[in-house]
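These are my notes from going through one structure, entry by entry. I wrote down what I looked up and what I found.

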Amino acid sequence: MNAIHQRQPARMWAGRSSLAALVGGTPVLWIPELRGEHGRGFWAKLEGHNPGGIKDRPALHMIGQARCRGELRPGAPIIESTSGTLGLGLALAGIAYGHPVTLVSDPGMEPIMHRLLSAYGAHVELVTEPLPTGGWQEARRERVRALLKEHSGAYCPDQYHNPDNVGAYDVLARELAEQLGRVDVLVCSVGTGGHSAGIYRTLQRLSPGVSLVGVDTIGSTIFGQPARPRLMRGLGSSIYPRNVHYQDFSEVHWVAPAEAVWACRRLAADRYATGGWSVGAVALVASWLARTEPADTTIVAVFPDGPQRYFDTVFNDAYCARHNLLFDHEPPPVPARLSHPAEAEAQSWTRCTTVTAPAEATR
């Protein structure tokens with residue numbers, strides 16, 4: 001077993017407040033509709049302008065709140081499961097507050113992400129086999145539980161179920177209100193459920209009547225589809241996070257990897273604003289909404305990160321060819337339609353306006 005390394009106490013870090021100040025205040029950018037329909041478009045909240053992406057916000061907030069409650073003692077280890085982005089945020093929080101950080105991931109983590117996390121001082125462990133139920137995610141969480149037993153005083157933020165994950169996004173919603181005034185439609189990718197629930201909760205007060213559109217990946221169980229191996233990371237899940245507030249969503253869209261890649265590449269070529277899997281998926285859906293909603297509708301899509309992490313996947317022609325991601329083939333102009341998530345298994349971009357919590361999510 002690799003020992004968890006030690007950090008200096010938080011009081012030793014004179015730059016703590018300046019590190020936290022790097023997070024938030026991200027810009028919004030008008031994105032013309034991806035198929036070129038004149039005058040239509042949506043606003044993108046560019047969370048890639050944070051040092052590590054959108055999950056810098058909950059990482060700092062969850063760790064700060066745990067410290068305030070006494071759940072995380074000064075200098076104690078932080079241990080968490082991540083596919084990457086929260087890991088960057090926790091590495092930042094570990095430096096800012098003076099905690100060693102151990103992250104449990106799986107072989108799908110990109111080499112650049114693994115190397116960056118190590119460079120930022122985090123210890124990264126990879127599980128080697130998915131579990132029959134819950135797949136890689138549950139295998140990671142099982143390893144986290146084992147590490148917590150081995151290291152007295154260690155703290156796990158548990159991003160999937162921690163309400164502080166949701167609470168971290170109040171500030172982001174207030175930023176949107178200041179930047180845009182009224183918001184009519186909010187489009188969010190859904191993984192842990194934190195940013196969709198947190199932003200929407202505050203926007204309901206600031207923009208009464210706002211609707212929430214969720215974007216998931218094919219093969220994800222969150223909204224009642226069967227679990228399948230998933231190529232896209234950052235959105236989707238093989239477990240049922242309690243931070244997903246099903247009652248908030250007016251509809252959900254499932255997007256396939258090739259469709260997300262097409263949108264990422266189109267964003268890059270035509271808009272010079274792009275990102276990874278989640279960005280492509282939400283841009284595809286937001287663009288469709290821009291074509292179909294009334295012209296004066298203010299649509300906001302949250303872009304969780306930038307393109308840097310995806311140089312060897314989304315933006316690698318050889319990788320795309322190997323996985324049959326034909327990014328030069330436009331997706332259909334409209335999504336397929338399901339009357340209920342259990343009606344059929346989505347294989348490509350599909351929309352459903354019946355959103356209920358799967359039975360497994362309520363156990």
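**Entry: Y310**

Helices (H or I, at least four residues) and strands (E, at least two) are DSSP runs, numbered from the N terminus. The model is predicted: local features need pLDDT of at least 70, side-chain atom pairs count only at pLDDT 80 or more, and totals for chains, interfaces and linings use all residues. Residues are numbered from 1 along each chain as its sequence is written, and side-chain values use heavy atoms, with hydrogens and water left out.

Is Y310 buried or exposed? Its relative accessibility is 3%, so Y310 counts as buried. Buried means under 20% relative accessible area, exposed over 50%, and partly exposed in between (1.4 Å probe, protein chains only).

I then listed what Y310 touches, not counting residues up to four places away in sequence: E110, G275, G276, W277, D305 and F315. Contact means heavy atoms within 4.5 Å. I also checked Y310 against T82: they are 228 residues apart in sequence and 16 Å apart in space, C-alpha to C-alpha.

**Entry: the 8-strand sheet**

I traced an open sheet of 8 strands in the order β1-β2-β9-β6-β7-β8-β11-β10, with mixed pairing. Two strands pair if DSSP finds at least two bridges between them. Strands of a sheet pair through backbone hydrogen bonds, either parallel or antiparallel.

Which strands stand at the edges? They are β1 (28-32) and β10 (336-338); each has a single partner strand, so one side of each is left without a neighbour in the sheet. From one strand to the next, the twist averages 25 degrees. Axes are lines fitted to C-alpha atoms, for helices over the stretch in contact, and angles run from 0 to 180 degrees between N-to-C directions.

**Entry: β6**

I went through β6 (residues 185-189) residue by residue. Of its 5 residues, 5 are buried, so β6 is largely enclosed by the rest of the structure. V185, V187 and S189 point one way, while L186 and C188 point the other way.

I looked up both partners of β6. With β7 (residues 211-217) it pairs in the parallel sense over 5 bridges, and S189 has V215 as its bridge partner. The chain gets from β6 to β7 through helix α8 (residues 194-206), in a right-handed β-α-β crossover. Right-handed here means that, with the strands pointing away from the viewer, the path from the first strand over the helix to the second runs clockwise. With β9 (residues 299-303), β6 pairs in the parallel sense over 3 bridges, and the bridge partner of V187 is A301.

**Entry: nonpolar cores**

A nonpolar core is a set of buried Ala, Val, Leu, Ile, Met, Phe, Trp, Tyr and Cys residues joined through side-chain atoms within 4.5 Å. The largest one has 39 residues, and F42, V187, W277 and F303 touch the most other members. Among the elements that give two or more residues to this core are β2 (41-46), β6, β7 and β9. Which element gives the most? I found that α10 does, with 11 residues.

Leaving aside its neighbours within four places in sequence, its contacts include L29, W30, I31, A283, A301 and F303. There is also a second, separate core of 32 residues, which includes L172, F223, Y246 and F249.

**Entry: the 3-strand sheet**

I found an open sheet of 3 strands in the order β3-β4-β5, with parallel pairing. β3 (78-81) and β5 (123-126) are at the edges with a single partner strand each, so one side of each has no neighbour in the sheet. The twist averages 20 degrees from one strand to the next. I counted 4 bridges joining β4 (residues 101-105) to β5, and T102 stands opposite H123.

Helix α2 (residues 56-69) has 14 residues and reaches 20 Å from its first C-alpha to its last, close to the 20 Å expected. The expected span is 1.5 Å times one less than the number of residues. Buried residues of α2 include D56, R57, L60 and I63. After α2 comes G70, whose phi is positive, near 80 degrees.

Last, I looked up P163, which is found in helix α6 (residues 163-167). At 57% relative accessibility, P163 counts as exposed.
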